[in-house]
Every structure is written in C-alpha cells, then in structure tokens.
Amino acid sequence: MGRGRRLSRFELPDARRAAHLPRLDFDGVLTRMQTRTVRAWTWVHKWSSLVSTLFLLMLCITGLPLVFTHEIDEVLLHQQWEPANPAGPKLSLDQVLEVALSRHPGEVGAFMSFDEDRPVVNVTSVNPNGPADVYNFQPIDQTSGEAAPLVAGHPVMEFLLQLHTDMFLGLPGMLFLGAMGLLLVAALVSGVVLYAPFMRRLPFGTVRADKAARTRWLDYHNLLGVVTLAWVLMVGVTGVVNTLATPVIAYWKDTALSELTAAYDAPVAAGERAPLDAAVKRAKAALPGMTLQFVAFPGSSYSTDHHYAVFFHGDTPLTTHMTTPALIDARTGELSAVAPMPWYVKTLSLSQPLHFGDYGGLGLKILWALLDIATIVILVSGLYLWLAKRKKT
C-alpha cells in the first residue's frame, strides 16, 4: 500500500508544528540590547568625563579655599577700625550720597549698600557719560562722612573667585563653565547606570586590595562616586545655575520689572528725584520685619529708569540670600509695587549658598571641603583609569 502524502508543517498538530518553527532567542536578543545600552552609556560617561575633567578639577581646586572665604579674609585682612563718632548722630542717606558724589563730580548714584557690623554706607557711583560698567566704590563712615577702610577680599581670594566664576572671560566664560557643569551631570547619571550591573557582582563598598593597581583605583573611583553622588550632583546643578546669573537678571528686568513700569513714559533725572531717606522709609513700611540690604538707583542694572529699588532680605542663614525689592517712584517717593522675586531668581539666589555651603556655619563648610577633596580624588582617579587603559591597549 502506498505511503500517504506528507503533511506540511502547517497541517501538523499544534505541539508538533511548534517543533518545526524557528525558535526566537529572547535571552540572546535581550543580552545584545543590554550590551548596546551599556556601550552607549560607557561612551557617554567616558567622553562627558574626559572633556570636562580638567575644568572640573580647576573648579574643585579653586572652590576649596573659596568655601572658607570669610574665614581667610578675616585672618589676612583683619583691621581695627572705630567710627569717628560712635555715640553721635548718623548722617542721613541723602547726606551720605551727597558726600560721596562731591568727591566724584559729574557722577550719579548707582547702588548703596550697608555694612552689617559697622556704621558704614557703601556708595557706588558711575559717570552716565563715561565708559559703561566703570564704577567708583566708596565706603563712608555714617557718623562723620569720612572715608572708611575698604573691606574687600584678599587679592588671592579675588583672583580665585574670578577664575572659578568665569576664567576672566566674562559671560562667555561663565556659560562655558555652565556647559562643563552639564557634562558633569551627564557623567554622574551615566556612572550610576554603569555601576548598577557592577553591584550585582560585588558587595557594595568592595575594594579589591589584592588586585592590580588599576582595579583598586576603579573600586575607589566607583565607591567615592556613589558615596558623594548626591552632593556632587547638587553642587554641579547649583554651579550651572550660578553661571546663568547675568541672563537671568536681564530676563527678570526685561519682563517682570518692565511690566510693573509700563505706565511710566520718561526716565527720572537725578535733579528730579525724591529724597532717598523718604523712599527707604516708605519701602521699610511696605516690608516690615525684613532687613535692609541695598538700594539700586534709577537706571541701574537692578532697577528701572523710574524707581528706587530698595532690597530687603530675611534674617535666617538661608533667607538672608532671599531678597525682595520694593519699587519706589523716584519722582514722587510713593510706593509703586512690592515685587517678589519670581521662582527663577529665587533659584539663583539660593544656588550660591548651596554651592559653597555658606549657610550652616564652620561645621558645614568643613564637610563641604571634605566632599570637595573626595571629588578631586574621583576626577584624578578617572583620568588615571583612562590613561592606564590606553597604555595597556
């Protein structure tokens, strides 16, 4: 009897049919996907780190003494000074301004700030017909009108601050360092992603001391990176925010402030301005319980062409960096508006104390310094691991 027709695989029962179908290697596909993902994150981590490492090292090294700016300046620049008439009456703010401008004829007031621990008023003036951003700064004893000693940072500290802020390149330098900060964030995120599979093979915190030097440094690099992750991320993000100070303030002035002053048609000339003392008193009445910080005169970068902007701050270590201006009509002396800072300016105001640890006393500064040193070790070890790998290959 002849053999019957052979059934096609599509006619076989389901169980037998399955044996004839090509098998999909899901484990292999997943492994290949994971390999590609790891390679992509490795590329991100390597190049974001390499491009930014030298600049981040500069920021960490200069930032270390800057954490202790106040303490270092106190030691290096400590000066004994007493006001001329400690128990006598104080000059009014209008009298202080008159004294300051008499020493620089043709100039107008730009800013006025107040020492916290001395009866000294600091007057910043500018020649409206002269070069832009060229100012004269005069500390004046409010008990006599005489010049008071200038309290400024030590030249070395000022140099480090400028290098740390913009590398002496102005706004382009600030924005460039902000870009390096974004690369730091990318390196941190990619480092965490790459450390996750590493943790499956070794217990957390393992340092293979019996292995080769490169392996030991890899373990130290990973351990320090994970332990300091939150702090480095916070410092990196606040550093990026700080580099945006100039455009943020410009945006605030061009939007929020301009909306408040849309009804004003012409700048207020210096000879038409209301008394400064009356303007400050009106501002204090509008913001009771807050501390006077500084006054921005009409036409300055922190005010409008029509107002005195009188700035106040809180009295806690953190709220001292949160400012609120009262806008006083420079022609009439009347309150125009209290202009709470928008969220983006508040973010900028808080980023500086968070960046330098300048809000919790000496103990917090020491902690900031130790974490800064750990970050330097991470950067140097990362550079060593890359160089050692290239030498090996």
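Me: Which residues does Tyr384 touch, not counting residues up to four places away in sequence?

Reply: Tyr384 touches Ala213, Arg214 and Trp217 once those neighbours are set aside. The model is a predicted one, and Tyr384 belongs to helix α12. Tyr384 and Arg214 stand 170 residues apart in sequence, yet their C-alpha atoms are 8.3 Å apart in space.

Me: Why is Tyr384 called partly exposed?

Reply: The relative accessible area of Tyr384 is 33%. Buried requires a value under 20% and exposed a value over 50%; 33% lies in between, and therefore Tyr384 is classed as partly exposed.

Me: What makes Thr243 count as buried?

Reply: Thr243 has a relative accessibility of 8%. The limit for buried is under 20%, so Thr243 qualifies as buried. Thr243 is placed in the loop between α8 and α9 (245-260). Apart from neighbours within four places in sequence, the contacts of Thr243 are with Met174, Leu175, Leu177 and Gly178.

Me: How do you know that a polar atom of the Thr243 side chain is in a polar contact with the backbone oxygen of Val240?

Reply: The distance from the backbone oxygen of Val240 to a polar atom of the Thr243 side chain is 2.5 Å. The cut-off for a polar contact is 3.5 Å, with one atom able to donate a hydrogen and the other to accept it.

Me: Why is Asn122 called buried?

Reply: Asn122 shows a relative accessible area of 6%. Since buried means under 20%, Asn122 is therefore assigned to that class. Asn122 is located in strand β2 (residues 120-126).

Me: What makes the pair Asn122 and Asp115 a polar contact?

Reply: The side chains of Asn122 and Asp115 are joined at 2.8 Å, and the limit is 3.5 Å.

Me: Which residues touch the most other members of the largest nonpolar core?

Reply: Among its 24 residues, these are Met112, Val123, Leu276, Val295, Tyr308 and Val310. At least two residues of this core come from each of α4 (93-102), β1 (108-114), β2, α10 (276-286), β4 (291-296), β5 (307-313) and β6 (323-329). Met112 is in contact with Leu93, Leu97, Val123, Leu276 and Val295, among others, when neighbours within four places in sequence are left aside. A second, separate core has 18 residues, including Leu59, Val232, Trp368 and Ile376. In soluble globular proteins, nonpolar side chains tend to be buried together.

Me: What is the volume of the second largest pocket, and which residues are closest to its centre?

Reply: The volume of the second largest pocket is about 1200 Å³. Its lining has 38 residues, of which His45, Leu194, Leu218, His221 and Asn222 are the closest to the centre. Two or more lining residues come from each of α2 (26-66), α6 (170-201), α7 (213-227), α8 (229-242) and α12 (361-392). Helix α6 gives the largest share, 10 residues. By class, the lining of the second largest pocket holds 20 nonpolar, 13 polar and 5 charged residues.

Me: How many helices and strands does the chain have, and what percentage of its residues is buried?

Reply: The chain has 12 helices and 7 strands. Of its 393 residues, 36% are buried. Among contacts with a separation of 6 or more, 61% link residues 24 or more positions apart.

Conventions: Residues are numbered from 1 along each chain as its sequence is written. This is a predicted model: local features need pLDDT of at least 70, side-chain atom pairs count only at pLDDT 80 or more; totals for chains, interfaces and linings use all residues. Side-chain values use heavy atoms; hydrogens and water are left out. Helices (H or I, at least four residues) and strands (E, at least two) are DSSP runs, numbered from the N terminus. Buried means under 20% relative accessible area, exposed over 50%, partly exposed in between (1.4 Å probe, protein chains only). On a 1 Å grid over the protein atoms alone, a cavity is a set of points where a 1.4 Å probe fits but cannot get out, and a pocket is an open set with protein on both sides within 12 Å along at least five of seven lines; lining residues have an atom within 4 Å of a point. Grid points are joined across faces, edges and corners, and a volume is the space filled by probe spheres set on the points. Ala, Val, Leu, Ile, Met, Phe, Trp, Tyr, Cys and Pro count as nonpolar, Asp, Glu, Lys and Arg as charged, and the others, Gly among them, as polar. A nonpolar core is a set of buried Ala, Val, Leu, Ile, Met, Phe, Trp, Tyr and Cys residues joined through side-chain atoms within 4.5 Å. Contact means heavy atoms within 4.5 Å.
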